[in-house]
Amino acid sequence: MPTVQLNTTARITAFAAYTPEEVMTNDYFASFLDTNDEWIVQRTGMKERRKAAEHQYASDLAFEAVMRMTDRYPSCLQGVDAILVATTTPDTFFPSTAAIVQARLQLPDCLALDISNACAGFVSAMQMAIGLIDSGMNKKVIVIGTEVLTKTVDYSDRSTCILFGDGAGAVILESDPQSPASCLAASSVTDGDLSGTLYRTAVSCKLNGLELAEDGKLHQNGREVYKWALQQIPAHIHNLLNKVNLTVSDLDIFVPHSANLRMIESLCDRTGIKMDHTLTSVQRYGNTSAASIPLAIEEGIRDGRLAAGKLMLLYGFGGGLSQAGLLIRWTL
């Protein structure tokens, strides 16, 4: 998708998030790795992460996020006709995690589809929901970002295992032609030639000629991903805002993927976005891939920084290497 100005009837009408109970602090990792709280905070900004229980999977976290959404908005599931689940850690390759969630929610005549776009997945799924609504194929879509990344990391690898946590968030978009526009502009771009810098194997043992580690664990060249993000993302953010004749000074809230607090600080410095206008989830939850943006939104709701009418840029980036941005007017 190029950068586009949206003319859509899709509107956000419900939102909630969920994290598992178990907390992994930096001291937990220091108990079996050559690391400590100061080292981790200095490099990542992370203090805690949440860990799913042994028999708790992406579908379970997704279901709990939706249940919390129904607590806030009791009638929000009425009329839902599509479920899109963004995840890199599905319960199974098939059936989709979305199908498992659909069964638990007992929503009949419902599209159920997984979206695999790593850390950009939640925003990509929101973009797809907008397309489904505006095409007339669907009227009310649940979008969920859910991850159990703690089940995929190698706990002997200090460079990756300290980074990742588990969580989920859910939002409903539905057609509402009578209300002011909620979704204003979008962009999406992928640099697939760099995909070998961040991967988790499935069937193939090679990627762009690169021999992959076939252990089913998450592998990342953090230095290269960091460099790519700082080189590529700022220009795309400015292009997205320019499409609707806005600048970073017009933004009330910026919600980037919470990969690493130091990376976010550098992105803000390079784009001119103020850190005090930025919502993150990385300090409390670590990198939760497709769940990081909804978890950051939940943090903004809890501390009162996010309220109806705020102009907000959601920006996911990561495995692919992919980027996905969505400019919205928050309506809740």
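## An open sheet and its helices

Five strands, in the order β1-β9-β16-β15-β14, form an open sheet with mixed pairing, where two strands pair if DSSP finds at least two bridges between them, and where strands (E, at least two residues) and helices (H or I, at least four residues) are DSSP runs numbered from the N terminus. The edge strands, each pairing on one side only, are β1 (4-5) and β14 (253-256). Between β1 and β9 (residues 183-190) the pairing is antiparallel over 2 bridges, and Gln5 stands opposite Ala185 in β9.

This is a predicted model, in which local features need pLDDT of at least 70 and side-chain atom pairs count only at pLDDT 80 or more, while totals for chains, interfaces and linings use all residues. Residues are numbered from 1 along each chain as its sequence is written, and side-chain values use heavy atoms, with hydrogens and water left out.

## Salt bridges

A salt bridge here is a side-chain nitrogen of Lys or Arg within 4 Å of a carboxyl oxygen of Asp or Glu, and by this rule the count comes to 11. One of them joins Arg72 to Glu298, with the closest N and O atoms 2.5 Å apart; this pair links distant parts of the chain, as Arg72 lies in helix α3 (residues 58-72) and Glu298 in helix α10 (residues 292-302), 226 residues apart.

Glu299 and Arg302 also meet in a salt bridge (3.3 Å, N to O), and both lie in helix α10, 3 residues apart, about one turn of the helix. Salt bridges that share partners join Arg72, Arg284, Glu298, Glu299 and Arg302 into one network.
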